[in-house]
Amino acid sequence: MEQVVILGSGPAGWTAAIYAGRSLLSPVLITGNALGGQAATTSEIENYPGFPQGIGGMELMQLMQQQAERLGTRVSFDEVTAVDAAAGVEEISPALALDLASIGRCVYGHQSG
Ligand SMILES: Cc1cc2nc3c(=O)[nH]c(=O)nc-3n(C[C@H](O)[C@H](O)[C@H](O)COP(=O)(O)OP(=O)(O)OC[C@H]3O[C@@H](n4cnc5c(N)ncnc54)[C@H](O)[C@@H]3O)c2cc1C
């Protein structure tokens with residue numbers, strides 16, 4: 001049963017998913033149209049620790065996705081059209097196959113724009 005829904009599949013989204021997964025919160029991450037976010041559009045990233053030779057942006061984002069999935073994240077390839085957080089009850093459209101009543105938190109994996 002999902003307790004956390006994460007919107008966006010950029011570095012922020014996958015980071016949230018990794019943390020939520022490690023906390024056994026069974027997160028669902030909804031990717032949006034830009035799978036991997038902005039980082040996936042660049043050929044080489046040289047400022048991430050752990051990659052002394054640099055790494056391709058798409059490759060890095062695929063590794064983040066693999067890590068999040070290994071830790072229990074379910075990935076939904078969809079675009080969210082609305083979030084209603086009124087009165088503490090959050091609704092996400094499309095509702096997909098999510099049991100919204102079970103969702104405790106909604107995390108926005110999107111810092112920019
Ligand atoms: C060409 C380029 C090169 C870059 N190079 C570097 C670099 O070398 N090093 C570096 O540190 N940074 C680099 N950056 C910056 C880096 O990519 C961003 O700082 C980073 O991607 C921000 O991550 P984020 O997860 O906050 O947002 P984003 O990467 O912007 O991801 C946003 C996510 O939200 C999703 N989303 C949006 N709307 C919806 C919706 N309605 N429903 C569901 N999902 C939605 C999108 O699909 C996307 O997956 C570069 C950026 C660009 C464009």
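This is a predicted model: local features need pLDDT of at least 70, side-chain atom pairs count only at pLDDT 80 or more; totals for chains, interfaces and linings use all residues.
Reader: Why is Gly-72 called partly exposed?

Author: A residue is buried with 20 or more other C-beta atoms within 10 Å of its own, and exposed with 12 or fewer. Gly-72 has 16 within 10 Å, so Gly-72 is partly exposed.

Reader: And where does Gly-72 sit?

Author: Gly-72 is in the loop between α2 (57-70) and β3 (74-76). Leaving aside neighbours within four places in sequence, Gly-72 is in contact with Gly-21 and Ser-26.

Reader: How do you know that those pairs are in contact?

Author: The cut-off is C-beta atoms within 7 Å, with those atoms placed from the backbone. Gly-72 meets that with Gly-21 and with Ser-26. For a C-alpha figure, take Gly-72 and Ala-17: they are 55 residues apart along the chain, and their C-alpha atoms are separated by 8.5 Å.

Reader: Which residues of α1 are buried?

Author: Pro-11, Gly-13, Trp-14, Ala-16, Ala-17, Ala-20 and Gly-21. After α1 comes Leu-24, whose phi is positive, near 60°.

Reader: What makes β1 and β2 a pair?

Author: Two strands pair if DSSP finds at least two bridges between them. β1 (residues 4-7) and β2 (residues 28-30) have 3 bridges, so they pair, and in the parallel sense. In β2, Ile-30 is the bridge partner of Leu-7.

Reader: Which way do the β1 residues point, and are they buried or exposed?

Author: Val-4 and Ile-6 point one way, Val-5 and Leu-7 the other, and all are buried.

Reader: What hand does the unit made by β1, α1 and β2 have?

Author: Together they make a right-handed β-α-β unit.

Reader: Last one, the ligand. What surrounds it?

Author: There are 25 residues around the ligand, and the closest are Gly-8, Gly-10, Ala-12, Gly-32 and Gly-37. By class, the shell has 8 nonpolar, 16 polar and 1 charged residues. Helix α1 gives the most to the shell, with 3 residues.

Terms used. Residues are numbered from 1 along each chain as its sequence is written. A residue is near a molecule or strand if its C-beta atom, placed from the backbone, lies within 6 Å of it. Helices (H or I, at least four residues) and strands (E, at least two) are DSSP runs, numbered from the N terminus. Ala, Val, Leu, Ile, Met, Phe, Trp, Tyr, Cys and Pro count as nonpolar, Asp, Glu, Lys and Arg as charged, and the others, Gly among them, as polar. A crossover is right-handed if, with the strands pointing away from the viewer, the path from the first strand over the helix to the second runs clockwise. Two residues are in contact if their C-beta atoms, placed from the backbone, lie within 7 Å.
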